[in-house]
Amino acid sequence: MELPGPLRQGVERLLEKVPLPVLKQAARTLSDRYRAELRDGRLHMAEEMAVKAYLATRLPATYAAVRASLDAISEARPDYAPKTLLDVGAGPGTVLWATVDLWPDLQQAVLLEASATVRKIGETLATDAITAGTTWLTGDVTIDLGDLEPADLVTCAYVLDEIAPASLPKLVDRLWQLTADTLLVVEPGTPAGWQRILAVRRQLIEAGAHVLAPCPHELPCPLAAPDWCHFSRRVARSRLHRLAKDADVPWEDEKFIYVAASRHPAPSRAARVIAPPKSGSGKVLLKLCEKDGSAGEKLFTKRDGDAFRLARRLDWGDTI
């Protein structure tokens, strides 16, 4: 998956005069903060060079994860087309770009972001490229959601890992209050990210939400540690991306986990592939999360006819 053309071109313009050694150092610092899940009171992207490092090395991956999560919502509710978006912890507008790419008729978007540097760059990227009316607001996601208006789609992507655990229930409650239709929360596909998503999922179900994806049910998650639920998207690396990360491979796999919940149930549910398929001669083994709340491997062979041919085409994260 690649960035939309206008976004990719905007990023290239912002990065074209940045010295590579400076960008590489900023990318290392940013990566270390993300990996450590630091909560030291500092914003990960308070400085302009940190934002540019994010654009070079993290934006393509986070965009791919968000877009895949939005695609799952669209698959679960084909009739759904939000007109308004509220993105909490918006960064440089990653969710906005992915939402407009999928639903080009989006009319209004409100983006809340604490870092003035990130907001400025996000506004620069969106100018003349995003047709939806867009409002950028300054705010801390844990304390500044009181005066916002509900939106058809509310999103919170790659944010919870920066929030103190004690603040999460109140934040999730407020996000759900602001959700006129559907709420999407995306986190890194780590065991810790999965645990945060499980906590969000439990809280939303208790509040009466209907889970749209990835789960085909609202029963307790059937997986147990050391296993965990997550998904992956392969992302093409630009030349600058490879140089900034000292990477030889022209792609990377972004691991992520998400939960999409709605005030309206999905019209139908389907089992989801929750691990990379294992294929052999005349057979394919899929690990499935089922509608009855169970999870396990299911073998399809040529004797299964159409079911086998379908299973052979499926990938990690698809439904069947």
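Which residues does Ile320 touch, not counting residues up to four places away in sequence? I will come to that in a moment, after a word on the model.

This is a predicted model, in which local features need pLDDT of at least 70 and side-chain atom pairs count only at pLDDT 80 or more, while totals for chains, interfaces and linings use all residues. Residues are numbered from 1 along each chain as its sequence is written, and side-chain values use heavy atoms, with hydrogens and water left out.

Back to Ile320, then, which touches Ala270, Ala271, Leu286, Leu288, Phe300, Leu310 and Leu314, where contact means heavy atoms within 4.5 Å. Ile320 is found in the segment after helix H10 (306-313), and helices here are DSSP runs of H or I with at least four residues, strands being runs of E with at least two, both numbered from the N terminus. With a relative accessible area of 30%, Ile320 counts as partly exposed, since buried means under 20%, exposed over 50% and partly exposed in between, for a 1.4 Å probe and protein chains only. Its C-alpha atom is separated by 26 Å from that of Thr155, a residue 165 places away along the chain.

Arg77, in the loop between helix H4 (59-76) and strand S1 (84-88), is buried, with a relative accessible area of 7%. Leaving aside residues up to four places away in sequence, Arg77 touches Asp181, Thr182, Leu212, Ser262, His264, Pro265, Ala266 and Pro267.

Let me turn to strand S5 (residues 179-188), where 9 of the 10 residues are buried. S4, helix H7 (residues 168-177) and S5 together make a right-handed β-α-β unit, right-handed meaning that, with the strands pointing away from the viewer, the path from the first strand over the helix to the second runs clockwise. S5 also pairs with strand S8 (residues 251-262), in the antiparallel sense and over 7 bridges, and there Val186 has Tyr258 of S8 as its bridge partner.

What about helix H8 (residues 191-206): how far apart are its end C-alpha atoms? They are 23 Å apart, which agrees with the 22 Å that its 16 residues should span at 1.5 Å a residue, the expected span being 1.5 Å times one less than the number of residues. The buried residues of H8 include Gly193, Trp194, Arg196 and Ile197, and what covers the buried residues of this helix includes H7, S5, strand S6 (210-213) and S8. Just after H8, Gly208 takes a positive phi of about 100°.

The structure holds 1 cavity of 30 Å³ or more, and the largest cavity has a volume of about 160 Å³. By cavity I mean, on a 1 Å grid over the protein atoms alone, a set of points where a 1.4 Å probe fits but cannot get out, with lining residues having an atom within 4 Å of a point; grid points are joined across faces, edges and corners, and volume is the space filled by probe spheres set on the points. Of the 17 residues that line the largest cavity, Trp194, Pro214, Cys215, Cys221 and Cys229 are the closest to its centre. The largest share of that lining, 4 residues, comes from H8.

Note on methods
Two strands pair if DSSP finds at least two bridges between them. On a 1 Å grid over the protein atoms alone, a cavity is a set of points where a 1.4 Å probe fits but cannot get out, and a pocket is an open set with protein on both sides within 12 Å along at least five of seven lines; lining residues have an atom within 4 Å of a point.
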